[in-house]
Structures are given as structure tokens and as C-alpha cells.
Amino acid sequence: MSLSAKEAFKKLPEKLHNFFIKYPPRPFAEYSSKPSTISDPNMNPFLPNKNEETGKWHEPRFSLRRSADLFKMAYKFGIHDLLPPIPHKRFYAEKYYNKNWMRGVLFQKKHKWERELPEKLKEREEAIAKMDEIIAEKRPGYKKQIAKRNNKKVWW
Amino acid sequence: MSWNTARKRFQRNVESYPKALRDVYLARANRFTLPTFESKEWPFPKNERKTKTEEIGFVNGDLAYITEGEKKGTVSTIFQYSPETDSVLLADVTSKKLLPKPYWVENQTSHLVDYPDYVKKSHIKLAAKDRDENGKVYYVVADKVIYKEKYYDDRYKRWLPRRYVKGHESIEIPWPNPPSEPKDDYLSTKESTVFEKSYELQSLAKPPVPAGVLAELRNPYSRYKKRFLTEADARRINGPEMPLTDEQKIYLAKKTAQPPKVHKRLSEDIQDFIGARIADHLNNIENPAMLAHLDVLSKSKIPDFQKTMKQIEEHEATQQQ
């Protein structure tokens, strides 16, 4: 079953239809992606805009919740890019790919002893491997003991 | 239970203090008591006090065998239990105390009076009196008491457990007779008078109180029953309208001067564009559940859309005229 454009338009939910009556879809109208003034014809209803006469900032015409509602509904019908841009919000996969992770989540600080543990273990292993040389350096008589141990013959 | 917490809040709660501090307060309190009447121990906190008969184990009138102190080894009658100190007043345990003249009772001739002493509950054991076959009186002292089946005691007008000596459970220690029952005096009402029925409702159809009486009892001219408001009341209910500031007036004038914002129907172009995009998207969806969901979603209605369409239609109608 393939839908024609006329049939498909009838499927547009009232919420989106109402929005498009007030703010026509993107290629037919331009919307600024930055906060502008309330008198600006390209004013974005999802962003705060300034009243130049009074110098006061107006809250966005659509709250974050309502804008998310509109976007998600439009997304289900594949027309989310016709809405005015919502630069301050991310949705679905994009929201997770562009997430600003906390430093502590990406790299755990841990305790000091935990941070220094691998280095410490490595040093210890090296020291155990070179144990005879280190002792012989401090105690020259130990060389004899090493020689004796090396010359020890075993009957098997 | 009292809801009045204000009084308690400002009182000193000595029970919650440590023992050393409590002793200090006890000593301070004893400064104002009569000599030989000073209290030696701080009362138990309220939650530790025993108030139920079953918990205490005896009632007034029971016999007690004294195990400590001067009167050790004697049997006496309990005449009062004090839950504050968990101790009892016994009939025979008294000491001489000094009483100043203002506190003397009638027919008193000496400063020295016999005053009952508190004996700790742990220093007494429950005792009972009985006669053997020869009519000789003997006492039974219970080291411990156990309770068994309950029975209704008509003397106390309540259910009480039977008391037995632990280990010798054939020996029952009955509860003593309660202190003398209250007697009628010249002011008391007779029981027969209390139960006498002096008024009876004759008919449900007829009200018990004559209709005219109600108007006499209740005030028909009460201001709360009036259907009309006085001018003062009306003024109080409806506050005065605040005058607009100059800025507000200018703003409103500007608003009315501007032409009202009018919405238009989506043009054919836009409708086709949106329809094509949606058709593109929907034709690629294969999941029937998703399609069903979108179908339901597309049928959802909002009142705001109705309002917008009505406004558009009205505007179109005015333009045609």
C-alpha cells in the first residue's frame, strides 16, 4: 500500500497541523537559529526573543516540554526537519552521541594507591628478578654464596 | 492524650538527663522539702512505669512478705503501690517523722508522727493467708507468681487471670477483696431513676420538637441567613479596580490600534510538500504495530486546533461579505 501526498497529509496530527498554520514549515519560511527580537519575521518560537522597545526578554513561545513533544511527534512522521531549528536540545540517538560526559565518568580518579599500584608491582617484579645482584652490591661477601649455590652439584 | 504541647515544650525534662545531673536536681528539689521527708530517688521515666495490674502482680489489700530491711521476715498488707518509684506502702512499715505544727491533723499532740515508708517492690514477695485442718493460720510466700486462665471477677467488674505459685501450681493466690465499694449519699441518683424512661418518640412522621420552637431556638434574622448583601459587605467582597498606569494605557492603545493577528489555511503547495514527506516516510515503514500507532496518533485531536480553524473560517466569512 503506497500513500499519495493528499492521503498522507490527512494523516498529519492536529497538533502539528496547528503548529504549521502558525509557523509554516521550513523551506517556505525562514527561522533564525539564534535568539532574536519579537518583531523579527524570522523569529524562532522555540527560543527566547527580545522586545526591543522595552528591552525585556520574552520567554520562548513553546516551552522545552512542548517543543520536545512537537519534535518527537514530527519525527515519527518523518517531518522533524520542517520545524524551526531547536539548537539547544538534542533528541534520540543524537542526544547520546553528542553527550558531554563528565570527566569522572570517562576517567575514574581512584585512590592514590590504586593509581600507583601497576607501577609498584612492576618495580617489585624487577627487584625480585635482580635480587642477587642488588644484595651482592651492598654485601660483597654474598658473591661467594652465589658462586657456591651455582657450583652445587646434584647427583641426579 | 493532650494536644497542648506548649506547656510541655518549656518544661525541663529531667527524665532525659544523665543520672549524675538528675541527682543534682534531686538534691536541689530536696532543699525545699521538710527534713525527714526528702525523696531519695528520682521517679522512673513514664515509659518504664508499670500501670497494669497484671504487670504489677498485686493489688491493694494483698499480703506481702518483706525480704529486706528492718522488718525483714514479716508479713504485712499492701495499701498503696506507687508506679513512680516502683515501691509499695505497707501497713506495718512506718517510721517516726517530724511534722511542723501547721501540718498537724486533728487530735495530734506530738511533733513525731508515724509515717508509712516506701518499700521497694523487689524487697517484697507476695504472700497469702490460709488455715490448715486444725484451724491454725499459716502463710504461703510465693517466690514467683504465674498467671493462668482468666475469669470475670464480679468484685472488680473486670476479667482477671488466676494467680498460682510457680512450681506449686495447685496453690492459688486469690485476688483480695477490692477496697470498699462507693456508697450512695444524699446527693446521688438512684439506679432505678437513671434507667427510668421519661420520654418516648411517638411517631416518625411527627417531629419531636414543635415546628414553632425552631424559630425561637434559632435566630431567623441572623445576618448569615440574609439573602441580600449590605453595601458595606458588597464593597468588602468586590475590591476596587486599580486604575491603569500611563504605560499600561499607552500599551493597550497600541494593541488596539494594531490589526488582529490572522492565521491562514496551509496553502496547497505546503500541504502537498508535507504530504509528500509524510508519504515518503510512511511508505518505508514495515512494522504494522508502528503503522497502527501512527494511525492512532494522526487521529488525536486538540482543542487549540479547533479554535484556530474556527477563527480562520470566521475571518474567511467576513472577507467574503
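Predicted model: local features only at pLDDT ≥ 70, side-chain atom pairs only at ≥ 80, totals over all residues.
1. Let's start with a helix pair in chain A. The axes of helix H2 (residues 14–22) and helix H3 (residues 64–76) of chain A come within 10 Å and cross at roughly 110°. Angles of 65 to 115 degrees count as roughly perpendicular. H2(A) and H3(A) are therefore roughly perpendicular to each other. As for handedness, H2(A) passes H3(A) in a left-handed crossing.

2. Which residues make the contact between H2(A) and H3(A)? On the H2(A) side they are Lys15(A), Leu16(A) and Phe19(A), and H3(A) brings Leu70(A), Met73(A) and Ala74(A). Sorted by class, that contact has five nonpolar residues, one charged and no polar ones.

3. Next, a loop residue. Lys34(A) sits in the loop between H2 and strand S1 (49–51) of chain A. Buried or exposed, then, for Lys34(A)? Lys34(A) counts as exposed because it has 9 C-beta neighbours inside 10 Å, and the exposed class takes 12 or fewer. Have a look at Pro48(A) while you are there: Lys34(A) and Pro48(A) are 14 residues apart along the chain, and their C-alpha atoms are separated by 8.8 Å.

4. Two backbone angles in chain A deserve a look. Tyr92(A) is not a glycine, yet its phi is positive, about 45°. Tyr92(A) belongs to helix H4 (residues 92–97) of chain A, and with 11 other C-beta atoms within 10 Å, Tyr92(A) is exposed.

5. Where is Lys110(A) found? Its place is the loop between helix H5 (103–106) and helix H6 (112–129) of chain A. Lys110(A) has 10 other C-beta atoms within 10 Å, so it is exposed.

6. On to chain B as a whole. Chain B has ten helices and nine strands. Of its 321 residues, 9% are buried. If you take the contacts in chain B with a separation of 6 or more, 43% are between residues 24 or more positions apart.

7. Chain B also has an open sheet of three strands, ordered S7-S8-S9, with antiparallel pairing. Strand S7 (145–153) and strand S9 (168–172) of chain B stand at the edges; each has a single partner strand, so one side of each is left without a neighbour in the sheet. From one strand to the next, the twist averages 45°.

8. Within that sheet, how many bridges join S7(B) to strand S8 (residues 158–165) of chain B? There are seven, and the two strands run antiparallel. For a landmark, look for Asp153(B), which stands opposite Arg158(B) in S8(B).

9. Last, the contact between the chains. Chain B puts in 25 residues and chain A puts in 26. On the chain B side, helix H8 (268–283), helix H9 (288–299) and helix H10 (303–320) each supply at least two residues. Which helix gives the largest share of the side of chain B that touches chain A? That is H8(B), with 14 residues. By class, the side of chain B that touches chain A divides into twelve nonpolar, eight polar and five charged residues.

Definitions and conventions: Residues numbered from 1 in each chain as written. Chains lettered and ligands numbered in written order. Axes fitted to C-alpha atoms, helices over the stretch in contact; angles between N-to-C directions. Helix = DSSP H or I, 4+ residues; strand = E, 2+ residues; numbered from the N terminus. Parallel < 35°, antiparallel > 145°, perpendicular 65-115°, else oblique. Left-handed = near helix turned anticlockwise from the far one by under 90°. Contact = placed C-beta atoms within 7 Å. Nonpolar A, V, L, I, M, F, W, Y, C, P; charged D, E, K, R; others polar. Buried ≥ 20, exposed ≤ 12 C-beta atoms within 10 Å, placed from the backbone. Pairing = 2+ DSSP bridges.
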